[in-house]
Amino acid sequence: MSKYVIALDAMGGDHAPESTVEGALRALRKYDDVRILLAGPEDRLRELTASATDVSDRLGYLNATEVIGMDEAPMLAVRKKKDSSLVVAMNAVREGQAGAVVSAGSTGAILAGGMFKVGRIPGIERPALAPVIPGLKKHFMLIDAGANVDCQPKYLLQFGLMGSVYMQQMMDVPTPKVGLVNIGAEAEKGDKLTREAYELMQAQSEYSFAGNCEARDIFTEDFDVVVADGFAGNIILKHTEGLAKALFAMIKEEMMGSLRTKIGGALAMPAFRKVKRRMDYNAVGGAPLLGVNGAVVKAHGSSGGEAIENALRQARRMLEGDVVGKIRAGLSGLGEE
């Protein structure tokens with residue numbers, strides 16, 4: 001019997017179901033303690049996995065006849081499309097058939113499904129989307145990246161706990177340094193939300209609060225977890241993505257400007273490839289939805305087989321590290337249970 005059972009939304013993402021099935025088979029061949037339940041049209045999924053006789057004993061199927069599209073209203077779709085691959089996968093976690101769910105589908109639908117199908121950890125006010133992002137010398141977590149646009153100080157306090165637990169268990173950071181996004185480093189800076197959150201985070205002892213984090217310091221090595229409300233966090237995430245694309249485009253344009261720069265660019269190409277690899281979402285896997293009663297991982301919508309495999313690896317490690325259990329235990333220290 002497999003130790004870790006993961007439900008995979010086989011119809012989520014731009015290249016599903018081929019990419020999701022490929023990723024599932026890659027993960028099964030790498031981790032012999034994992035069982036994967038593919039959610040989607042069973043006949044089609046069985047066709048795609050027919051030749052995978054070497055791992056067929058650890059493959060299961062959750063028949064689903066509907067798919068939630070990227071352009072659908074998330075809450076309405078989760079409520080109405082009860083036989084969609086995403087909802088069926090989420091229900092498998094709620095009913096105890098699986099411990100984790102992975103999907104490359106609609107972010108909004110995953111948030112809604114995680115909240116209302118999997119359910120919140122008792123005491124958690126709001127689950128948060130928490131991507132792990134490459135920094136100057138190491139990766140850091142941004143929490144929340146868009147799940148909660150309007151926040152209360154208590155939410156940010158809990159975001160710090162959830163991010164700290166994740167970085168300890170998943171990224172092997174012994175004592176993660178947690179920072180609060182603000183317009184200045186001083187404790188009295190910021191709006192009412194950040195000032196009150198600062199006081200709460202400074203007073204607790206469940207995780208290491210390192211103070212305010214200005215936007216220019218987010219990518220330094222000063223913080224392992226960067227806490228923000230979902231509005232600011234999503235702006236930071238989208239700005240980072242856009243800035244990275246613009247910088248690479250500008251560098252490429254300048255390198256092609258003359259023979260001299262072309263030669264220099266050719267010599268520097270190995271370094272550029274390393275940087276690109278460090279920033280490649282395929283290698284990370286996905287963004288966890290923390291605060292729900294199961295390991296939920298949101299993979300990138302354009303994920304191929306490698307990215308799906310790594311998202312499944314991420315879900316497996318969340319189960320192995322008992323991230324949900326440790327968040328629950330930490331809540332008692334915050335006086336939230």
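This is a predicted model: local features need pLDDT of at least 70, side-chain atom pairs count only at pLDDT 80 or more; totals for chains, interfaces and linings use all residues.

Student: What makes the overall radius of gyration agree with that of a compact globule?

Tutor: For 337 residues the globule rule gives a value near 20 Å, and because the chain has 21 Å, the two agree. The C-alpha trace spans about 65 × 60 × 35 Å along its principal axes, and the chain is made up of twelve helices and twelve strands, among other parts.

Student: How do you know what share of the contacts joins residues at least 24 apart?

Tutor: Counting contacts in the chain between residues at least 6 apart in sequence, 71% join residues at least 24 apart. As for cover, buried residues, those under 20% relative accessible area, make up 52% of the 337 residues.

Student: Why is helix 4 called mostly covered?

Tutor: Helix 4 runs over residues 85-94, and nine of its ten residues are buried, which means that each of those nine falls under 20% relative accessible area. They are Ser 85, Leu 86, Val 87, Val 88, Ala 89, Met 90, Asn 91, Ala 92 and Val 93. After helix 4 comes Gly 96, with a positive phi near 85 degrees.

Student: What makes a set of residues a nonpolar core, and which residues have the most contacts inside the largest one?

Tutor: The members must be buried and joined through side-chain atoms within 4.5 Å. The largest such core has 64 residues, with Leu 38 and Ile 143 having the most contacts inside it; helix 6 (residues 153-171) supplies the largest share of this core, ten residues. A second, separate core has 28 residues, including Ala 77, Val 78, Met 90 and Ala 112. Leaving aside residues up to four places away in sequence, Ile 143 touches residues that include Ala 128, Leu 129, Phe 159, Met 162, Val 225 and Leu 290.

Student: Why is Leu 243 called partly exposed?

Tutor: Leu 243, which lies in helix 8 (residues 230-255), has 41% relative accessibility. Partly exposed covers what lies between the buried limit of 20% and the exposed limit of 50%, and therefore Leu 243 counts as partly exposed.

Student: And what makes Leu 243 part of a nonpolar surface patch?

Tutor: Patch residues need over 30% relative accessible area, and Leu 243 has 41%. Together with Leu 247, Met 250 and Ile 251, Leu 243 forms a nonpolar patch on the surface with about 340 Å² of accessible area.

Key: Residues are numbered from 1 along each chain as its sequence is written. Side-chain values use heavy atoms; hydrogens and water are left out. Patches are made of residues with over 30% relative accessible area and no salt bridge: like charges are joined within 9 Å, nonpolar side chains (Val, Leu, Ile, Met, Phe, Trp, Tyr) within 5 Å. Accessible areas come from the Shrake-Rupley method with a 1.4 Å probe; for residues, only the protein chains shown count as cover. A salt bridge is a side-chain nitrogen of Lys or Arg within 4 Å of a carboxyl oxygen of Asp or Glu. Helices (H or I, at least four residues) and strands (E, at least two) are DSSP runs, numbered from the N terminus. Buried means under 20% relative accessible area, exposed over 50%, partly exposed in between (1.4 Å probe, protein chains only). The radius of gyration is taken over C-alpha atoms; the globule rule is 2.2 Å times the number of residues to the power 0.38. Contact means heavy atoms within 4.5 Å.
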